[in-house]
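Visitor: Could you walk me through this model, one question at a time?
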Amino acid sequence: MISSTLNSLNYSFFDKLKSVDYFLILLVFLIGAVSVFSIYSTESGEFSFYTKNHLIRLVAFFLLFLALSFVRVSTWYRQAYIFYLFGLLLLLLVIFFGVSASGSKRWINLFVFNLQPSELMKIAIIVSFARYYHRIQSADIESYKYLLQPIILLLIPCYLVIKQPDLGTAILIAGSGIAIIWLAGLNIKYFIYSGLIALVSLPFLISILKPYQKSRILTFFNPERDPLGAGYQIIQSKIAIGSGGMYGKGFLKGTQSYLEFLPEKHTDFIFTLFSEEFGFLGSILLIFLYALLIFRIIKIGFSCRSFFAKLYCFGFSSALFLYVFVNIAMVVGLLPIVGAPLPIMSYGGSSMLSIMIGLSIVMSCKIYSKEIVSN
Amino acid sequence: MIKRTSNLDKNKTINRRLFILGSAKVGLLGLITSRLYNLQISEKTKYETLSDNNRFREWKTPPKRGVITDFYNNIIADNKRVYQVYLSLDETKDFNSSIFKLKNIIGLTNDELSKIYEKKQKIKPWDSILVSENLSWEKFSKLNLYLHEIEGAKPVLSTSRYYPYSNDLVHIIGYVGEASADDITKNKKIEENFVPGLKVGKIGIENSTDQILIGNYGIKRFEVNSSGKKIREISYKKETQGENLRTTIDIEVQRLAQKLLDNKAGSICAMDIFSGEIIALASSPTYDPNKFTYGINKKDWNEIKNNKLKPLVNKSIAGLYSPGSTIKPLVALAALEYGIINPKLKVKCKGHDHPYELYGQKYHCWKKDGHGIMSLRNAIKQSCDIYFYEVARLLGVDRLSIIAKRYGLGSKVLENIFPEEKKGLVPSAKWKKQVLEQSWYLGETVITGIGQGYIQTTPLQLCFMTAQLANGGFKIKPNIIYNNNFNYDEILLKIQSEKNKPIEENVLQERNINLYEKLYKNPKNIKIVLDAMYGSTNEQFGTSFKSRHKDKKYTYAGKTGTSQVKRITEKDRELDLDTSEIEYKNRDHALFVAFAPYNKPKYAISVLVEHGGSGSKAAAPLANKLIKKIIDRDKDREINRKELKNI
């Protein structure tokens with residue numbers, strides 16, 4: 001307790017500025033800039049509703065990211081469970097006061113924008129799991145007591161999110177949680193066993209899926225099954241990406257999106273639009289930016305003294321990778337369409353907010369890397 | 001200490017685990033990259049095509065039909081501007097309400113309304129539906145006034161077929177109508193250029209020359225969005241107009257011919273005896289082809305269909321009649337050519353009390369009191385039946401059949417223009433054996449000599465026959481579509497040189513004769529026949545004397561004919577009723593063939609009036625007026641011909 005207080009007192013403001021990771025900021029800024037141009041293109045080069053909103057949010061949340069970066073990592077550590085409970089509370093509020101859109105109830109009306117609590121949960125689960133495993137001795141990890149707790153912590157939000165229904169976000173939350181459990185060092189056999197159990201119970205899982213979710217998964221295996229219905233999105237997305245070719249059709253010249261063949265081009269399919277206009281080279285470049293961002297976060301993790309910070313950084317980088325991978329794999333037809341945004345690029349305040357908060361914790365880990373956390 | 005090691009352990013684990021996870025990430029990124037490579041590089045062309053298929057949609061614009069003119073470039077089948085209204089389905093949210101509003105503004109009938117709903121079932125959801133093909137200007141302007149209230153309504157200026165001479169040419173030109181499945185499969189050109197609503201020729205020249213007239217459709221390429229809405233026009237390959245077609249018809253002569261047949265059932269044909277150009281081809285009654293362009297209504301159709309005078313039949317080419325006495329010049333010619341008779345042969349016609357008898361069967365002359373002693377010339381001039389009974393008996397049906405076929409009877413005159421054209425029938429003993437499986441009787445020969453019995457001809461065949469006699473006996477080819485490569489003077493020279501060629505031995509046997517070759521053995525025989533026809537029209541007691549022209553310029557020579565439609569009984573003969581006293585359907589058909597001007601023949605005509613009574617009373621007077629018109633127009637025709645050559 002004393003040591004930590006002493007520790008923190010050692011940082012002067014100048015020291016803090018010095019230890020800010022400017023490369024991370026640059027990467028976030030670059031991806032943010034690309035996202036603004038992409039959203040601008042979805043509106044056929046008109047600076048209107050979506051672009052304006054996206055830009056305002058990007059700037060606001062970017063500033064929030066910078067500001068929150070100076071919150072001590074120990075504060076995050078201490079408040080981790082509060083964060084989790086807060087997220088859970090919001091998820092419960094959704095059930096009663098949620099805003100519905102296109103058949104699902106995911107949002108809470110905050111007047112400024114509609115908050116999607118499940119997005120916040122994506123970060124909350126990482127923070128609280130990092131704290132959870134920070135305390136546990138490696139010998140204890142496999143004891144049932146310590147094994148059961150995180151599983152329950154994970155299942156509650158996942159269940160609530162699936163019920164909204166939002167399979168994509170639920171998968172991302174679950175995926176992030178599992179990634180941290182993996183990083184914390186749980187024996188590999190548990191992963192193999194649970195993988196096998198999941199496989200065996202797959203038919204049962206499919207049976208509890210909503211009809212549209214089932215049809216999406218069936219369509220994934222054969223998009224031509226229903227080219228105007230469920231298969232439409234993936235077919236059109238592949239056409240858009242494929243017709244982009246090596247160099248793309250050019251900025252604002254993506255016919256597939258301009259002529260409205262592309263569904264949800266602002267959100268889940270923003271990569272498709274980008275890829276149509278900037279081609280293979282552009283896509284690789286964008287993926288490279290994300291890879292750099294992930295790599296940078298891992299690097300920050302290595303520099304952290306506390307296990308909490310390390311686990312958080314590694315966990316968040318894995319989660320970020322998961323978001324990017326699931327989204328791109330989905331739009332190129334490698335995964336079923338489940339509804340997962342591309343971090344920073346996709347239009348949507350909650351997703352942006354959660355990523356920025358997540359990044360600010362990473363930055364906090366960097367700035368206060370010498371800090372040893374404990375409650 | 002324990003804690004320390006534990007932390008070290010944890011750090012070791014996390015690093016190892018991170019490394020494994022990192023490797024997996026690299027692998028997954030590789031997977032995405034290869035997928036992108038596959039989509040954007042390897043299969044680029046496939047997806048580019050798919051993208052273009054998405055983007056572009058083609059609309060075909062109907063081809064414009066070629067115009068048909070008469071010989072003088074008067075347009076007889078035109079394209080006129082029409083006002084139409086389409087309803088574009090992709091711009092119509094509520095189809096029913098739009099249609100209902102349209103119905104009120106332009107006044108659609110329930111019949112039309114149900115047709116529109118029927119059409120709607122068949123077309124794609126981004127296509128347009130043709131609501132009205134031919135709006136009046138008043139309705140069209142009213143529609144434009146309320147246009148903003150009707151979602152998806154598209155007023156369009158289009159062209160459609162129009163026949164300015166309506167009734168006068170329908171049997172020649174025919175009419176157009178919407179292409180049927182049958183039309184499309186039968187004609188490749190239609191199949192290739194089909195667009196919904198395409199009008200094609202249904203009968204007549206419009207039908208037989210569709211190939212030339214139809215033109216090629218245009219293609220408008222539009223960029224469309226995902227709901228099929230047109231964003232912009234990318235390209236427009238303009239539709240082409242079909243070739244224009246010039247016929248050999250003289251509209252003035254044709255109109256007169258048609259007018260002469262007013263309130264009658266019948267036919268008038270006129271032909272240039274050297275070029276074979278058909279100048280007029282009238283058939284009565286007639287009907288308005290313009291009614292068919294948008295589909296004829298039931299009332300009009302029933303009126304046409306149920307008319308007892310059969311307006312739908314082109315009597316000039318599809319009407320079959322006994323030629324009656326108009327065959328006599330040909331019978332005489334045949335007998336002279338085969339050397340069966342000489343012109344001085346005398347036969348006595350003694351009237352109904354002493355008819356011609358053969359094996360106990362009696363054959364009467366039309367003239368009750370008889371003609372007295374007849375020579376060949378007089379027999380043609382006064383159309384004595386008894387004389388021709390005798391000539392026919394001597395000649396025999398088979399020799400008559402050879403000559404009749406040679407001069408154009410028994411086969412189609414125009415062949416490809418009118419599918420409904422009839423061949424007629426020139427009987428022979430062989431024919432009867434083959435078709436009826438019976439022997440030929442001499443009595444049948446006798447009545448064939450006056451153009452009764454089995455023999456059947458179309459009015460155009462009679463005109464053709466007369467033309468080939470009048471031109472001195474040379475084979476010509478009748479045509480109704482003008483051919484610019486045709487050289488009139490060359491034809492005249494060719495015929496001239498043909499005259500001087502020696503006559504072959506077997507000239508009178510059944511054989512193929514080439515164009516512009518001689519049909520005769522001895523030109524004198526032709527002259528004898530033509531001279532007798534001159535007498536028939538221009539000398540007292542000639543059957544068409546009353547219809548003659550005194551002016552030399554118009555002098556013509558002709559032959560009347562009266563063809564029985566039923567056997568004349570003894571009772572009929574006793575009653576000897578006037579034409580007007582006989583029931584219409586039992587009255588004789590009146591026929592007349594002629595050529596003019598006599599001194600320098602150039603045109604041949606045939607006139608037929610169904611149930612008109614006698615040829616001299618009902619048909620010859622029409623010829624008088626017609627010939628005057630044709631001769632008056634001759635100079636213009638020559639001038640026009642020269643001008644056409646100079647173009």
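Visitor: What is the mean pLDDT of chain A?
Guide: This is a predicted model. Residues 1-6 of chain A stay under 50, and the model has 5 contacts beyond four places in sequence for them. Across chain A, 94% of residues reach 70 or more. The mean pLDDT of chain A is 88.

Visitor: Which element gives the largest share of the side of chain A that touches chain B?
Guide: The contact takes 37 residues from chain A and 34 residues from chain B. On chain A, the elements that give two or more residues are α8 (167-184), α12 (232-244), α13 (255-258), α14 (270-303) and α15 (307-331). The largest share is 9 residues, and it comes from α15(A).

Visitor: How do the residues of that side of chain A divide by class?
Guide: Tyr counts as nonpolar and Gly as polar in this division. The side of chain A that touches chain B then has 22 nonpolar, 12 polar and 3 charged residues.

Visitor: What is the hand of the crossing of α6(A) and α15(A)?
Guide: Helix α6 (residues 117-135) of chain A packs on α15(A) at about 145 degrees, with the axes 9 Å apart. Residues in the contact include A:I126 and A:F129 of α6(A), and A:L311 and A:F316 of α15(A). By class, this contact has 11 nonpolar, 2 polar and 2 charged residues. The crossing is right-handed.

Visitor: Which strands are the edges of the open sheet of chain B?
Guide: The sheet has 5 strands in the order β12-β11-β19-β18-β17, with antiparallel pairing. Within it, β11 (residues 266-272) and β19 (residues 603-609) of chain B pair over 7 bridges. An edge strand pairs on one side only, and the edges are β12 (278-284) and β17 of chain B.

Visitor: Why is β17(B) largely enclosed by the rest of the structure?
Guide: Side chains in a regular strand alternate between the two faces of the sheet. In β17(B), B:A557, B:K559, B:G561 and B:S563 are buried on one side, and B:G558, B:T560 and B:T562 on the other. Strand β17 (residues 557-563) of chain B is largely enclosed because its buried residues number 7 of the 7.

Visitor: Which residue of β18(B) is the bridge partner of B:T560?
Guide: β17(B) pairs with strand β18 (residues 589-596) of chain B in the antiparallel sense, over 7 bridges. At B:T560, the partner in β18(B) is B:F592.

Notes
Residues numbered from 1 in each chain as written. Chains lettered and ligands numbered in written order. Predicted model: local features only at pLDDT ≥ 70, side-chain atom pairs only at ≥ 80, totals over all residues. Contact = placed C-beta atoms within 7 Å. Helix = DSSP H or I, 4+ residues; strand = E, 2+ residues; numbered from the N terminus. Buried ≥ 20, exposed ≤ 12 C-beta atoms within 10 Å, placed from the backbone. Pairing = 2+ DSSP bridges. Axes fitted to C-alpha atoms, helices over the stretch in contact; angles between N-to-C directions. Left-handed = near helix turned anticlockwise from the far one by under 90°. pLDDT = per-residue confidence, 0-100.
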